[in-house]
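Q: I would like to learn how to read strand pairing and DNA contacts in a model like this one. Could we go through it step by step?

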Amino acid sequence: MKTQFIPIDYSYFDFEGKNYALIYGRDPNNKKVCLIDSCPVYLWAILKDKTSKEKIEEIKKKIEKIEIDAKSRKTKVEKVEIENKNFLNREVKALKIYATNYKDLHDVADKIDFPEIEKRRGYDLGFTTHYILERRLEPLNWYEIEGEMLNNSDEFGGIDQIMNADFVIKMKSFKNLKENEFEPKVLAYDIETDDLKIGKGEILMISLVSKEFKKVITWKKIDTKKDYVEFVKDEKEMLEKFCKYVKEISPDVLVGYFSDGFDMPYIKERAEKFKIKLNLGIDNSQPKSSGGASSSSRIEGITHVDLLKFISTTYSQYMQSETLSLNEVAKEFLKDTKKEFKIQHSSKLKEHNWEEYYEYNLHDSELTLNLFEKFWPDMLEFSRIIKEPLFEISRNGLSKQMESYILHNLSRFNEIPEKRPMNNEISERIQRGGVKGAFVYEPKPGIYENIAMFDFTSMHTSIIISYNISKETLEEKGKNQFQSPEIEIDGKNKIFYFSRKPGFVPTILKEIFEKRKRFKEEYKKDPNIFTKARSNAFKLLSASAHGYIGFSGARYYSWEASSSILAYVRQFNIETIKKIEKLGHKVIYGDTDSVAFLINKDSKEDIKNLLKRLNEKLPGVMELELEGFFKRGIWVTTREGKSGAKKKYAMIKEDGEVKIRGFETVRRDWCKLAREVQDKIIRLILNEGNEKKALEYFKEVVEKLKKREIKKEDLIIRTQLTKPISEYKSISPHVVAAKKIKENEEPMAHGSLIEYYIAETNTKSKLIRDKVKLIDEKGEYNIEYYLKNQILPAVENIFNIFKIDLDYLIEGKKQMKLGDFK
DNA sequence: ATATACACGGATCCCCTATTTCC
DNA sequence: GGAAATAGGGGATCCGTGTA
């Protein structure tokens, strides 16, 4: 039979000792299809140079006899081929060793310990990655499949009979189709419980939402007119209903928000408690957790996506939201917020509260569904570009994404994949220590007018490409090589040398770099969610290239490469600063890849010409870009007041657009008042060019604070608890607040933002932590603290630019009477 | 285990010395 | 008068959060 097919999720099973890939997807009629396929399984043994033909034949014969009898199955070497391959850009002879079962490749590798074998590789990719590499049946692309339909067949032990798929097909062949469109069937879910500790409390209700389906299942009965609420007898029945609905709807994607860390493990634990089989899988299997600390839950045949994971690993650095709570993320991307509802223990809830609770529960699933749809184009593009399934794409960090992209492109270079570093190698890498980073120019504090800012486009990546820097291109000193700038190691200067023969990593990055440019243009011409997503995906890959090379867990980690890249980064930045100064412009600031300088009397055209001239001298794909012209900008001293503060500045464009970096205004661990006051003062000064209005405004605020006219909400301080309370060596205010929350037995998730304020207390203690109160705790806010430790520090450096000293304000309580401000 | 380094700055920790308190 | 307690200064360290 023939059909069209789009692969969504990949898995595999063993039958008679061999591996078979299971690929779940859809046909054009939206029928759920499960494909069964197989692929050759092998690893590589790289031979030492100059191994004689006879010797190779001899080893080959020995390897062909390897058999492994373990784990209730027999694996043997099926055949061995000799091939000319590349490994780390070097031509090698390698043995391709085919074996019965992928999981035994490691054991096979252990038996190939002949002295003529230099390295063994290619057995640690994971079966799914290996399969996709081998067969090129890539996720989320359309194919025409030819195969045999299994219907009540005995093949593979009757696998088609236990699969709840519309079709189970044993694949014979396939070909690519151009067809692009695909919309997955998505079901979102969310649970409400009485205790945040996994499995400890009861699950009160579960909501399920898809495009056509809306339901809240609960055993807490009250009179309600809400038709989406379905009552069941008890928690046990609710869990069974949940399974039943998921199976009936049979979605491609089951999506939750923090569901890897909360909803799914909770449901699992409760099901275990009630001895219910949570048979969500297409083969009636239960969800499987893996990954320890930040585990993930996999459901056979349905892609379980924890949207929080995708957003936090891939997008959080480009987002405005200060937390990744569903509420805030929904606000940013959907302009929608959670329903107002204060979660209480169910025993405290009144009858009418329950209605709101149902609504709240349903709404969370709706938000999750809508957010998924918002991010779907991005996940789809990522999956297609990186060629890994949605399940992996939605969970992997940037380094893993980068690595997968490289692995899926190696065959073009005839390259054997490098192995993952072992734990001891990772420790060695970490022990060797990090590399010296970029250069930051120390600004001279002050207010400046007419500023231009240049920055390098994708600086690290363009350096890697232009100088061919990578693990595989690193060489001993020779002729005609790229040389890194001098790098200081243990007091001595060292230079690293890189081949001119293009390495595969720089080549792959060059492609990414060019595609990034092309798709950015495409998006500009045709702005839609898909062109944006594609442009975004390449932007992210491009941006994480250097981080990958310097990451101790990377296959293609290289300390030397990373050091060299950064040495170039420093060199280019410093040289650019020098060149601009030589042309008569005063440089104000620069950080890593940027330079800000005074335009003087020059016109914008002059500056653009200057940029053009600088660009003519740059090598390879390196490019300097105009970040913008600014009417005015301010730089301040550090708190100590002796030097100019780096990574802290504010500038304004002609059109009034303000760019604020590093100031307390953009930091979430300062109270709202301090942030707003600072923001306003910065804007007033940037607009006016002097401090007059700002100072008046500031005095007003101080007056208000002293008269307690500021709302307590504006004084709440929010700090993240980043680890368990007991692990803190230093007991800071937010730790004290967290302890209080715990004592009150209020819900507090790991990593949550702790909110508190500093109150007036009788305590003699000078420690701030002894004045901490939770929001709901009665008390007056501590005026002295908010003056001395919040609003003054936020603005005094700014006023110092104008030689205005606010010091007399912080001398002490006595002097801070109302009359001090005139 | 889950991309890198640089940087600021609050708050506590910790050591030391001076001062105060207590007997 | 002398020992113990306390205060306060100041650098080191921890911690959170930014920029690039």
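Q: In the hairpin of β1 and β2, which residue takes a positive phi?
A: Helices (H or I, at least four residues) and strands (E, at least two) are DSSP runs numbered from the N terminus, and two strands pair if DSSP finds at least two bridges between them. Here two residues lie between β1 and β2, and glutamate 16 has the positive phi, near 50°. This is a predicted model, in which local features need pLDDT of at least 70, side-chain atom pairs count only at pLDDT 80 or more, and totals for chains, interfaces and linings use all residues. Residues are numbered from 1 along each chain as its sequence is written, chains are lettered from A and ligands numbered from 1 in the order written, and side-chain values use heavy atoms, leaving out hydrogens and water.

Q: How many bridges join β2 to strand β3?
A: Six bridges join β2 to β3 (residues 32–37), and the two run antiparallel, while nine bridges join β2 to β1 (residues 2–15), also antiparallel. Alanine 21 in β2 stands opposite tyrosine 12 and has aspartate 37 as its bridge partner in β3.

Q: Which side-chain atoms lie 3.0 Å from a phosphate oxygen of DNA strand C?
A: A polar contact is a pair of N or O atoms within 3.5 Å; within protein, one must be able to donate a hydrogen and the other to accept it, and residues adjacent in sequence count only if both atoms are side-chain atoms. In this model, a polar side-chain atom of arginine 668 lies at that distance from a phosphate oxygen of DNA strand C, and for histidine 734 the separation is 3.2 Å.
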